[in-house]
Amino acid sequence: MAVVATTTVSEPRIVADAGVRRRRFVDGLATVILWGLGASVILMLAAFVIYLFYLGASAISWQFLTGSPEETTAGGGIGPEIYNSFYILILTLIFTVPIALAAGVYLQEYAKPGMFRTIVQFSAESLATVPSIVMGLFGLLVFVYYFHWGFSALGGAVTLTLLNLPALMRVTQEALSSVPDSLREASMGLGATRWQTIYRTVIPSAIGRMTTGIVLIAGRIFGETAALIFTAGLSVSANHPYELNPMRSAETLAIHLWYTHSESIVPDVDRIGNGSALVLLVMVLIFNVSARVAGRALTKRFTGRSS
Amino acid sequence: MIAVQAKRSHTIERIAVWVLRAAATFVIVAIAALLIYLCFEGSKTFTVDHLPIWQFLFTSDFDPTANKGGAAIFIVGTIVVTLFALCIGGPFGIAVGAFLSEIAPPRMAGILKPAIEVLVGIPSVVYGWLGLRLLVPFLREHTSSASGFGLAAAGIVLSIMILPTVISLSEDAFRSLPGALREGSMALGSTRWQTIVRVLLPSASSGLSVALILGMARAIGETLAVQMVLGNATQFANGLFAPTAALTTEIVIDMPGATQGSFLEHELFSMALFLLLMAMALILLVRFVLRKRV
């Protein structure tokens with residue numbers, strides 16, 4: 001005999017009243033909008049890249065990339081400017097990297113919390129906010145007026161060193177702080193001194209991240225302008241466009257773009273501007289990709305971990 | 001043998017500490033030298049040329065050949081352009097920061113974050129050039145502006161330039177909040193949007209203020225991109241689309257023609273000093289905001 005359930009159990013149902021429905025709608029709408037804003041950043045970058053290629057592609061030629069700039073006539077190239085950009089970049093890195101690494105290692109690994117460390121940290125933060133143009137005027141005062149170097153690649157590079165030191169210090173500190181303490185303890189436990197620990201254990205573990213940071217900052221140095229106008233000058237070397245001497249004026253590519261647009265009287269300003277802007281953009285992209293590739297490769301090489 | 005080796009590593013240790021500390025000291029020396037030099041050079045307008053400070057700050061009569069050094073136009077220009085950029089870039093940046101921290105799946109973040117890094121890397125002049133080729137013609141066609149150059153053009157270019165700073169700092173601010181806040185809010189029946197707006201936004205307010213302040217610091221000092229699209233007219237902007245001038249643009253335009261020791265040179269250094277003090281004030285503000293949180 002079958003037992004027939006006679007009682008009907010009412011299912012528990014959440015009644016979506018108007019308020020809940022509205023909240024869900026608002027939530028969905030907000031999600032869509034936030035997705036849209038996030039996507040718009042990517043689309044914006046894509047639009048910039050496509051537009052710069054569209055403008056600049058026709059200006060690029062072997063003659064443009066290697067030729068010398070013209071003062072008054074059309075057809076000038078940007079060869080010496082590209083050379084100067086790399087020249088100043090390398091000179092700047094030679095100064096910046098050792099100082100920033102040392103200062104970063106000191107702050108992260110040695111300095112005990114206290115007066116000195118606070119002052120160094122605060123100085124680095126202050127240095128980081130000094131506007132590029134103000135740093136340029138400081139370079140003008142010190143290197144051009146006081147040391148009588150005139151406009152020089154060296155003065156420009158030292159100015160850029162001061163400008164980028166804080167960022168590179170922060171990169172170093174962050175890379176070091178990502179190394180687990182167990183590595184330090186193991187090394188010290190085996191009888192290594194603190195410096196041996198840092199040199200043989202901590203730095204190799206952090207080298208991948210550090211390299212990524214350094215290359216990204218190198219990309220920024222490559223495109224720097226305001227700090228260089230009054231220190232490295234607005235002209236390429238008078239003797240020889242590809243001079244090795246650091247005491248000559250050295251107009252970089254980024255400055256050339258600005259100078260051509262705002263001061264120069266050549267008739268093909270647009271062509272030079274479009275071409276230079278595209279070259280600068282491509283360099284930024286190359287720096288960004290190589291920062292990642294190099295960082296990953298070094299991390300793997302030194303720690304065996306993938307990133 | 002072991003003793004000799006131990007002694008050697010001890011010596012190396014001491015040299016290493018000494019070298020590292022010297023590098024750290026270099027940072028202090030650098031900022032101190034910069035401050036001293038600029039204060040010295042920047043105060044000459046007031047000590048050598050005897051221009052009263054209030055005239056520098058509050059009058060707009062700028063004629064260096066007649067020793068008239070009212071910098072109000074440039075100071076106002078800098079402040080207005082910066083605020084303009086902050087009004088657009090600030091909310092936009094915070095929203096994208098919230099998106100990255102709360103909503104974006106790893107794959108989306110994996111595209112968005114490198115894109116932001118590329119935006120950081122694009123040089124100032126390239127932004128200026130883009131503004132010149134894209135934005136200025138657009139504003140000329142579609143607004144009341146006759147030339148397209150002016151406050152709006154500079155503000156929009158700057159708002160894009162401060163975006164990466166604001167986005168990554170506000171993402172950090174959201175990420176640093178404990179998960180319990182989100183869980184608590186969700187458990188009480190809030191939707192994700194309600195959680196973001198009513199719980200996370202107020203809790204992250206100090207971190208978000210820092211993001212905005214550092215975005216401002218970046219905008220204040222920006223030079224060439226602004227100079228290329230601002231119009232550089234020595235006048236107060238009488239509308240959103242009117243050309244005006246800022247501290248940085250005035251320095252970069254007039255400095256090449258300023259002879260050493262002239263009134264104009266002193267005046268420009270005073271402007272640079274003022275710019276530096278504004279940036280420093282913002283850094284102190286950041287310290288203050290962060291200290292209050294603890």
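The bend at a residue is the angle between two axes, one fitted to the seven residues ending there and the other to the seven starting there. The legends below describe a predicted model.

**Figure 1. Helix α5 of chain A bends at A:Leu140.** The helix runs over residues 132-146 of chain A, which makes 15 residues. From its first C-alpha to its last it reaches 20 Å, close to the 21 Å expected at 1.5 Å a residue. The bend at A:Leu140 is about 30°. Just after α5(A), A:His148 takes a positive phi of about 55°.

**Figure 2. Helix α5 of chain A is mostly covered.** Of the 15 residues in α5(A), 11 are buried. Among them are A:Ser132, A:Ile133, A:Val134, A:Met135 and A:Gly136. A:Leu137, A:Phe138, A:Gly139, A:Leu141 and A:Phe143 are also buried. A:Leu140, where the helix bends, is another of the buried residues.

**Figure 3. Chain A is built with 11 helices and zero strands.** Read along the sequence, its pattern is α-α-α-α-α-α-α-α-α-α-α. The C-alpha atoms of chain A fill a box of roughly 115 × 65 × 35 Å, taken along the principal axes. Its radius of gyration is 28 Å, whereas a compact globule of 307 residues would have one near 19 Å. Buried residues make up 47% of the 307 residues in chain A. Among contacts in this chain between residues at least 6 apart in sequence, 74% join residues at least 24 apart.

**Figure 4. Chain A is divided into two parts, domain 1 (20-57) and domain 2 (62-303).** The centres of these domains of chain A, taken over C-alpha atoms, are separated by 32 Å. Where they touch, six residues of domain 1 of chain A are in contact with five residues of domain 2 of chain A. The side of domain 1 of chain A that touches domain 2 of chain A has five nonpolar residues, one polar residue and no charged residues.

**Figure 5. Chain B has 13 helices and two strands.** Chain B is more spread out than a compact globule, because its radius of gyration is 24 Å, well over the 19 Å that the globule rule gives for 294 residues. Its C-alpha atoms fill a box of roughly 70 × 65 × 35 Å, taken along the principal axes. Of the 294 residues of chain B, 48% count as buried. Residues 24 or more positions apart account for 73% of the contacts in chain B with a separation of 6 or more.

**Figure 6. The domain assignment of chain B gives domain 1 (2-42) and domain 2 (56-293).** The C-alpha centres of the two domains of chain B lie 35 Å apart. Their contact takes four residues from domain 1 of chain B and five residues from domain 2 of chain B. On the side of domain 1 of chain B that touches domain 2 of chain B, two residues are nonpolar, one is polar and one is charged.

**Figure 7. Chain A and chain B meet in a contact that takes 67 residues from chain A and 70 residues from chain B.** Helix α1 of chain A (residues 18-56) gives the most to the side of chain A that touches chain B, with 16 residues. By class, this side of chain A has 47 nonpolar, 14 polar and six charged residues.

How values were computed: Residues are numbered from 1 along each chain as its sequence is written. Chains are lettered from A and ligands numbered from 1 in the order in which they are written. This is a predicted model: local features need pLDDT of at least 70, side-chain atom pairs count only at pLDDT 80 or more; totals for chains, interfaces and linings use all residues. Helices (H or I, at least four residues) and strands (E, at least two) are DSSP runs, numbered from the N terminus. The expected span of a helix is 1.5 Å times one less than its number of residues. A residue is buried if 20 or more other C-beta atoms lie within 10 Å of its own, exposed if 12 or fewer, and partly exposed in between; C-beta atoms are placed from the backbone. Two residues are in contact if their C-beta atoms, placed from the backbone, lie within 7 Å. Ala, Val, Leu, Ile, Met, Phe, Trp, Tyr, Cys and Pro count as nonpolar, Asp, Glu, Lys and Arg as charged, and the others, Gly among them, as polar. Domain bounds come from an automatic or database domain assignment. The radius of gyration is taken over C-alpha atoms; the globule rule is 2.2 Å times the number of residues to the power 0.38.
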